[in-house]
Amino acid sequence: MLIGLTGPNASGKGAVADHLRTKSFDYHSLSDVIRNEIRSRGDEPTRENLIETGNDLRRRFGSSILAERILASTDDTRHFVIDSIRHPAEVETLRAGGHFRLISIQADPQLRFRRIRERGREADPETYEDFQVLEQREAKGDPTSQNLIQVEKLSDHAIENNGTLAELHESVDTLVVQFLREVPRPTWDQYFMDIARVAASRSNCIKRKVAAIIVRDKRIISTGYNGTPRGTRNCNEGGCPRCNSLAPSGTALAECFCSHGEENAIVQAAYHGVPLTNATIYSTFAPCLLCAKMIINSGIGEVVYNMEYPLNDSAFKLFDEAGIKTRRLEAS
C-alpha cells in the first residue's frame with residue numbers, strides 16, 4: 001500500500017505522515033530527495049531552494065524523477081506513506097508502481113498562515129501577502145514546475161484539517177482502513193508461479209533458469225530447478241558441456257548434463273517418498289517431451305506454465321491423450 005499526501009503549505013501533511021508512521025507505515029518524502037540534492041551542492045535547504053532545486057531536477061531528469069527515486073526504495077511487503085507530492089507526473093509514476101492512493105490535505109488559508117507563524121521557521125513568509133504570493137507560485141507553473149492544483153485534482157480523497165489533531169487522526173484512520181481493505185491479494189495461481197520464479201533464481205544452468213513447484217491442496221510438496229545432478233560440478237562452474245559451449249537451441253541435447261526443473265521437482269518428491277497423485281505442477285516454462293512423460297507417469301493431474309517452450313508440440317499432444325489439464329498463466 002502506497003499512500004501519497006499532497007496539499008498546500010501547513011495544511012497538515014506532516015501531521016498525517018507522523019500519525020501513519022505510528023501505524024507501521026514507512027515514511028518517504030519527495031522533499032527529502034530535493035534536500036539531499038541541495039546538501040550535495042553545499043547549499044541550505046530553504047523553502048526557496050527547495051522549489052528551485054525541485055524544478056531543476058524535473059527539467060534535467062524528467063517530471064517524475066522524485067517519485068522514481070522514492071519508488072525504487074519501496075517493496076510489496078510493507079506499507080508506505082509518501083509526503084510532498086507536487087507534480088502530476090509524480091502521481092502517475094506512483095500509481096504505476098503499486099496499490100497507490102492519493103490524499104489531499106486541505107485547511108483554511110488563514111489558519112494555515114497562523115500555523116506557519118507559530119512554527120517560526122526562518123524562511124517562512126512573515127506577512128499574509130507574502131504567504132499568498134508563495135501559494136500562487138506553488139499552485140501552478142510550467143510543465144517542469146510544481147503544480148498543486150493539478151495534483152489535487154488527481155487525489156482519491158480530500159481531508160479537511162480545520163479542527164483538532166484528534167479529529168484529523170480519526171478522519172485519516174477511517175480512510176486508510178478503507179484503502180487497506182482494497183489492497184488486492186495474488187490469486188493462488190499467481191502466488192505459486194511467483195514462488196516458482198524465485199526458485200528459478202537458484203538454478204545453476206548458464207543458458208536458462210527454469211523452476212517448477214508441485215502443489216496439492218494449496219500446499220507446496222516439492223520444488224525443483226534446472227541444473228546438473230547432485231554431487232556433480234555445477235553448470236555455471238563448467239559442469240555441462242552443452243551449455244558451456246553455448247549450443248544452439250534444440251541441438252546437442254544428448255550432451256546436456258542439466259536436469260530440468262520439472263524433472264528435479266518430481267525426482268525430489270520420489271527421493272523423499274512424497275506421492276504426487278492429482279497434484280498440480282507450476283513451471284516457469286512449458287514442459288518438454290521428457291518432462292511431460294515424467295509428469296504423466298508420476299500421477300500429476302494438471303500443468304500450469306508461464307512461458308512457451310519452443311519444442312513442446314509433442315508434449316502437449318501427449319498431455320491431451322493422457323487427460324492432463326494444461327493452462328498457461330501470463331506473467332503478473
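Student: Why is Tyr-282 called buried?

Tutor: Buried means under 20% relative accessible area, exposed over 50% and partly exposed in between, with a 1.4 Å probe and protein chains only. Tyr-282 has a relative accessible area of 5%, so Tyr-282 is buried. Before we go on, this is a predicted model, where local features need pLDDT of at least 70, side-chain atom pairs count only at pLDDT 80 or more, and totals for chains, interfaces and linings use all residues. Residues are numbered from 1 along each chain as its sequence is written, and side-chain values use heavy atoms, leaving out hydrogens and water.

Student: What makes the pair of Phe-192 and Tyr-282 tilted?

Tutor: Rings of Phe, Tyr and Trp (its six-membered ring) pair if their centres lie within 6.5 Å; planes under 30 degrees apart count as stacked, over 60 as edge-to-face and the rest as tilted. By this rule there are nine aromatic pairs. For Phe-192 and Tyr-282, the centres are 5.4 Å apart and the planes are at 45°, so this pair is tilted. The two residues are 90 residues apart, with Phe-192 in helix H10 (residues 188-200) and Tyr-282 in strand S8 (residues 280-285). Helices (H or I, at least four residues) and strands (E, at least two) are DSSP runs, numbered from the N terminus.

Student: How do you know that Phe-192 counts as buried?

Tutor: Its relative accessibility is 2%, so Phe-192 counts as buried. Phe-192 and Tyr-282 also form one aromatic cluster with Trp-188 and Tyr-191.

Student: What makes Arg-230 a charge over the ring of Tyr-271?

Tutor: The rule asks for NZ of Lys or CZ of Arg within 6 Å of the ring centre and within 35 degrees of the ring normal. The charged end of Arg-230 sits over the ring of Tyr-271, 4.4 Å from its centre. Arg-69 lies over the face of Phe-61, at 5.6 Å from the ring centre.

Student: How do you know that the buried residues of H1 line one face of the helix?

Tutor: In helix H1 (residues 13-21), the buried residues are Lys-13, Val-16, Ala-17, His-19 and Leu-20. Down the axis of H1, they fall within an arc of 160° (that of the directions from the helix axis to the C-beta atoms), so they line one face.
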